[in-house]
Amino acid sequence: MATEIERKFLVNDEQWKAAVLSRSSLTQAYLMTGEDRSLRVRIENDNRATLCIKIGVSSLQREEFEYPVPVADARAMVRQAIGNVIEKTRHLIHHHGYLWEVDVYHGAYAGLVVAEVELEQADETPPLPDWVGLEVTADKRYSNASLATSDCFRELCNGPSS
């Protein structure tokens, strides 16, 4: 059993691009979501796939179980997704001893750029890069499960639909 501890931030500007170490293309689809759990399939660079179960009510700290699955199986699961399939490019950046993941969303969520940093302890306070802005760790609207199953991001950008 692994515990995921991460903080999530909106990205202010494009300064982060100069520090990118690597990038990967991700497709993720949710097969089940609940108040305190989710089941997701992810395909990375069209050649690696994982099934991930996350359990916990806190956005900061949850139990995470991740297993490799055949890409063909993952593609079949993506076709069974609930809600929107998320497409994004993940960029990895080292900053003061921490590995940051900057996700640039495409498709329905084009324009959304989020940075995440994984921590060893929940009370850890990593030095923040200049390009991060508002912390959205506790804002469930920015969880990938919420993005996949609701129109919350469109409302954030465009105001509530009439």
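Trainee: What volume does the largest pocket have?

Mentor: Rolling a probe the size of a water molecule over the atoms shows where empty space is left. Here the largest pocket has a volume of about 820 Å³. A pocket is an open set of points on a 1 Å grid over the protein atoms alone where a 1.4 Å probe fits, with protein on both sides within 12 Å along at least five of seven lines. Points are joined across faces, edges and corners, and the volume is the space filled by probe spheres set on them. The model is predicted, so local features need pLDDT of at least 70 and side-chain atom pairs pLDDT 80 or more, while totals for chains, interfaces and linings use all residues. Residues are numbered from 1 along each chain as its sequence is written, and side-chain values use heavy atoms, leaving out hydrogens and water.

Trainee: Which residues lie nearest the centre of the largest pocket?

Mentor: Tyr 30, Arg 40, Lys 54, Arg 62 and Asn 144 do, out of 44 lining residues; a lining residue has an atom within 4 Å of a point. The lining divides into eight nonpolar, 15 polar and 21 charged residues. Charged means Asp, Glu, Lys and Arg; nonpolar means Ala, Val, Leu, Ile, Met, Phe, Trp, Tyr, Cys and Pro; the others, Gly among them, are polar.

Trainee: Which strand gives the largest share of that lining?

Mentor: Strand S2 does, with eight residues. Strands (E, at least two residues) and helices (H or I, at least four) are DSSP runs, numbered from the N terminus. Helix H2 (144-149) is among the elements that supply at least two lining residues each.

Trainee: How many salt bridges are there in the whole structure?

Mentor: Side chains of opposite charge can pair when their charged atoms come close. The search finds 15, counting a side-chain nitrogen of Lys or Arg within 4 Å of a carboxyl oxygen of Asp or Glu. One of them joins Lys 88 and Asp 103, at 3.0 Å from N to O. Lys 88 lies in strand S6 and Asp 103 in strand S7, so the pair ties together parts 15 residues apart in sequence.

Trainee: Is Lys 88 buried or exposed?

Mentor: Lys 88 and Asp 103 are both buried, meaning under 20% relative accessible area; exposed is over 50%, and partly exposed lies in between (1.4 Å probe, protein chains only). Glu 44 and Arg 48 also form a salt bridge, at 2.7 Å between the closest N and O atoms. Glu 44 is partly exposed at 22%, and Arg 48 is partly exposed at 45%.
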